[in-house]
Amino acid sequence: VSTEDGHDHHHPRPDSQVALRARALEALLAEKGLVAADAIDAVVELYERDVGPQNGAKVVARAWTDPAFRERLLENGTKAIAELGFVGAQGDNVVAVANTPTVHNVVVCTLCSCYPWPVLGLPPTWYKSPPYRARMVAEPRAVLREFGVELPDEVEVRVWDSSAEVRYLVVPMRPAGTDGLPEDALRALVTRDCMIGTAVPSAPESTL
Amino acid sequence: MSTADRAVRLADLDAALARGVPLPRDNGELVFDEPWQGRALGMGVAILDHTGASWAEFRRHLAIAIRHRPQHPGESAATAYYAAWMDAVEALLAERGRLA
């Protein structure tokens with residue numbers, strides 16, 4: 001993941017002035033002991049649940065129930081997601097990568113915190129942490145195990161490094177035992193972490 | 001503070017701002033063009049929790065900030081709003097002598 005080896009990996013457009021100011025203000029508030037980062041995280045998490053991952057969950061549930069949509073989604077993520085009304089800033093391309101019985105996908109941004117926020121909301125704090133960014137590339141299985149995802153040896157782990165131009169969305173496998181569930185019930189099974197690849201969805205207990 | 005309490009606080013804030021300086025929305029849903037805007041919102045809520053200032057007090061600062069910092073050409077409504085929002089956070093803290 002080097003930008004100097006001629007390999008075309010574009011990382012963030014430089015942050016805007018106002019984004020830098022937000023970061024500076026947050027640092028100042030922390031320094032003065034006025035606000036802890038986790039208090040801000042808690043608020044962010046609230047509406048993340050409201051506006052963020054719910055969008056992605058709609059996309060995944062649609063892909064689970066509509067094979068033609070799934071095909072369009074894997075072919076051109078940005079376009080298929082726009083069908084559901086979720087549009088990001090110009091130039092953001094969302095690439096959907098599907099888990100299968102033999103492939104597990106997981107997303108990281110090694111240089112910063114590129115993230116498909118139109119469908120997932122804001123990234124969780126750990127996504128931006130240097131250990132996650134470094135270790136997910138070096139030892140993905142170990143990191144996934146820490147997240148509680150145990151993968152059989154024969155499952156290949158693919159780690160996708162996001163950039164400012166390409167954001168990845170993991171389409172998890174539909175859990176067994178959910179055949180009778182309608183799309184809106186399926187949505188509730190798809191958490192943010194499932195779409196980053198650090199979790200896998202499970203069937204609701206009542207259907208097991 | 002529990003999640004439910006926070007949700008109520010956020011709903012209160014939303015309602016308090018709805019008159020005059022409403023949170024940017026599209027089709028009913030809150031709009032955040034970029035992650036920093038969500039962080040800014042979080043800073044405002046956390047600051048109010050920390051200082052015990054009222055929504056009304058914050059709203060007054062926000063209304064002034066928005067008047068002083070109108071939307072620039074080429075910038076989104078949410079960008080303008082949350083930039084003014086940060087001004088309001090600073091103004092509230094300055095008034096209370098907390099940034100010294």
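Rings of Phe, Tyr and Trp (for Trp, its six-membered ring) are taken to pair if their centres lie within 6.5 Å; planes under 30 degrees apart count as stacked, over 60 as edge-to-face and the rest as tilted. The structure is a predicted model, in which local features need pLDDT of at least 70 and side-chain atom pairs count only at pLDDT 80 or more, while totals for chains, interfaces and linings use all residues. Residues are numbered from 1 along each chain as its sequence is written, chains are lettered from A and ligands numbered from 1 in the order in which they are written, and side-chain values use heavy atoms, with hydrogens and water left out.

Chain B contains four helices and two strands (DSSP runs, numbered from the N terminus: helices are H or I of at least four residues, strands E of at least two). From the N terminus on, these elements follow the order α-β-β-α-α-α. Of the 100 residues in chain B, 46% are buried (buried means under 20% relative accessible area, exposed over 50%, partly exposed in between, with a 1.4 Å probe and protein chains only). Contacts (heavy atoms within 4.5 Å) in chain B between residues at least 6 apart in sequence join residues at least 24 apart in 70% of cases.

One aromatic cluster is formed by B:Phe32, B:Phe58, B:Tyr81, B:Tyr82 and B:Trp85. Over all chains, the count of aromatic pairs is 11. In chain A, A:Trp126 pairs edge-to-face with A:Tyr127, at 6.4 Å centre to centre and 65 degrees between the planes. A:Trp126 is partly exposed, because its relative accessibility is 23%, whereas A:Tyr127 is buried at 0%. In chain B, the rings of B:Phe58 and B:Trp85 are also edge-to-face, with 4.7 Å between centres and 70 degrees between the planes. B:Phe58 belongs to helix α3 (residues 55-68) of chain B and B:Trp85 to helix α4 (residues 77-95) of chain B, so the pair ties together parts 27 residues apart in sequence. Both are buried: B:Phe58 has a relative accessible area of 1%, and B:Trp85 has a relative accessibility of 0%.

A:Tyr127 also takes part in a polar contact, its side chain meeting that of A:Ser162 at 3.5 Å (a pair of N or O atoms within 3.5 Å; within protein, one must be able to donate a hydrogen and the other to accept it, and residues adjacent in sequence count only if both atoms are side-chain atoms). A:Ser162 lies in the loop between β3 (156-161) and β4 (166-171) of chain A and is buried, at 0% relative accessibility.

The contact between the chains takes 28 residues from chain A and 30 residues from chain B. About 2,700 Å² is buried between chain A and chain B, 70% of it on carbon and sulfur atoms (buried area is the accessible area, with a 1.4 Å probe, that two parts lose on being put together, summed over both). Four salt bridges are counted between chain A and chain B (a side-chain nitrogen of Lys or Arg within 4 Å of a carboxyl oxygen of Asp or Glu). One of them joins A:Arg21 to B:Asp87, with the closest N and O atoms 2.9 Å apart. On the side of chain A that touches chain B, α1 (17-31) and α2 (37-51) of chain A each supply at least two residues. The most comes from α2(A), with 11 residues. A:Arg21 itself lies in helix α1 of chain A and is partly exposed, with a relative accessible area of 25%. Apart from its neighbours within four places in sequence, A:Arg21 is in contact with B:Ala83, B:Met86, B:Asp87 and B:Glu90.
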